[in-house]
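Subject: Structure handover

Hi,

Here is the structure I promised you. Please open it beside this email and follow along.

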Amino acid sequence: MNERLYSVEEVAERLGLHVRTVRNYVRDGKLHAVRIGKQYRITQADLEAFTGLPVPDPLRDTVARTRHAEVSSILEIDAIDPVTADRVIVLLTGAAQTQGPGAQPLRVQTMYDRERARLKVIIVGGPADTARLLEYTEGVLSS
């Protein structure tokens with residue numbers, strides 16, 4: 001038997017009830033429970049039968065969720081002329097908007113300071129997409 005067992009406290013928390021109310025349900029036979037030592041344990045099947053609804057398993061739901069990783073990068077480029085800065089800006093903003101379906105959002109913000117000849121780029125997105133944009137930038141700067 002590999003079924004999840006819930007304590008009275010866990011059932012009370014899940015159902016939004018007081019612990020004493022859940023214990024009374026168990027004692028009155030409304031909610032089936034097994035006594036282990038001095039405590040009651042309620043199986044997931046018994047809890048579902050009591051509520052009439054499936055009980056989400058937080059451990060299973062956490063494992064089943066897709067992992068999400070996000071990177072925030074700030075890139076500062078000094079001594080960059082306006083033409084090259086424009087090339088970098090157009091490339092990055094265009095690449096950020098041409099992602100495939102279901103891709104993680106990719107956000108790019110740029111600021112060019114003509115007096116200091118400095119371009120600042122802020123990229124927020126998935127690690128692979130962010131790395132791809134940084135490689136594009138390196139390619140433009142090295143040419």
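Is aspartate 129 buried or exposed? Aspartate 129 is buried, with a relative accessible area of 18%. Here buried means under 20% relative accessible area, exposed means over 50%, and partly exposed lies in between (1.4 Å probe, protein chains only).

Some ground rules before the rest. This is a predicted model, in which local features need pLDDT of at least 70 and side-chain atom pairs count only at pLDDT 80 or more, while totals for chains, interfaces and linings use all residues. Residues are numbered from 1 along each chain as its sequence is written, and side-chain values use heavy atoms, with hydrogens and water left out.

Salt bridges

A salt bridge is a side-chain nitrogen of Lys or Arg within 4 Å of a carboxyl oxygen of Asp or Glu. A search of the whole structure finds 7 of them. Three are described here.

Aspartate 129 pairs with arginine 132, and their closest N and O atoms are 3.5 Å apart. Both sit in helix α6 (residues 127–142), and because they are 3 residues apart, about one helical turn separates them. Helices (H or I, at least four residues) and strands (E, at least two) are DSSP runs, numbered from the N terminus. An α-helix has 3.6 residues a turn, so residues three or four places apart point the same way. Arginine 132 is partly exposed, at 25% relative accessible area.

Glutamate 76 forms a salt bridge with lysine 120, again with the closest N and O atoms 3.5 Å apart. Glutamate 76 is in strand β4 (residues 71–77) and lysine 120 is in strand β6 (residues 118–125), so this pair ties together parts that are 44 residues apart in sequence. Glutamate 76 counts as partly exposed, at 42% relative accessibility. Lysine 120 also counts as partly exposed, at 28%.

Aspartate 78 bridges to arginine 118, with the closest N and O atoms 2.7 Å apart. This pair links distant parts of the chain, 40 residues apart: aspartate 78 is in the loop between β4 and α5 (82–97), and arginine 118 is in strand β6. Aspartate 78 is partly exposed, at 48% relative accessibility. Arginine 118 is partly exposed too, at 30%.

How many bridges join strand β5 to β6? There are 7, and β5 (residues 107–113) runs antiparallel to β6. Two strands count as paired if DSSP finds at least two bridges between them. Lysine 120 turns up again here, as the bridge partner of methionine 111.

The cores

A nonpolar core is a set of buried Ala, Val, Leu, Ile, Met, Phe, Trp, Tyr and Cys residues joined through side-chain atoms within 4.5 Å. The largest one has 15 residues, and Val108, Leu119 and Leu133 have the most contacts inside it. Elements α5, β6 and α6 each give two or more residues to this core. Helix α5 gives the most, with 6 residues.

Look at leucine 119. Contact means heavy atoms within 4.5 Å. Leaving aside neighbours within four places in sequence, leucine 119 touches residues including Leu75, Ile77, Val88, Ile89 and Tyr112. Apart from this core lies another, of 12 residues, among them Val22, Val26, Ala33 and Val55.

The three-stranded sheet

In which order do the 3 strands of the open sheet come? The order is β1-β3-β2, with antiparallel pairing. The edge strands are β1 (5–7) and β2 (34–36), each pairing on one side only. β2 pairs with strand β3 (residues 39–43) over 3 bridges. Arginine 35 stands opposite tyrosine 40 in β3.

Helix α1 (residues 8–15) packs on this sheet and touches β1 and β3. Helix α3 (residues 44–51) also packs on the sheet, touching β1 and β3.

Which residues of α1 are buried? They are Val8, Val11 and Ala12. They cover an arc of only 100 degrees around the axis, so they lie on the same side of α1. That arc is taken from the directions from the helix axis to the C-beta atoms. What covers these buried residues includes β1, α2 (19–27), β3 and α3. After α1 comes glycine 16, with a positive phi near 70 degrees.

Best wishes

Note on methods. Axes fitted to C-alpha atoms, helices over the stretch in contact; angles between N-to-C directions.
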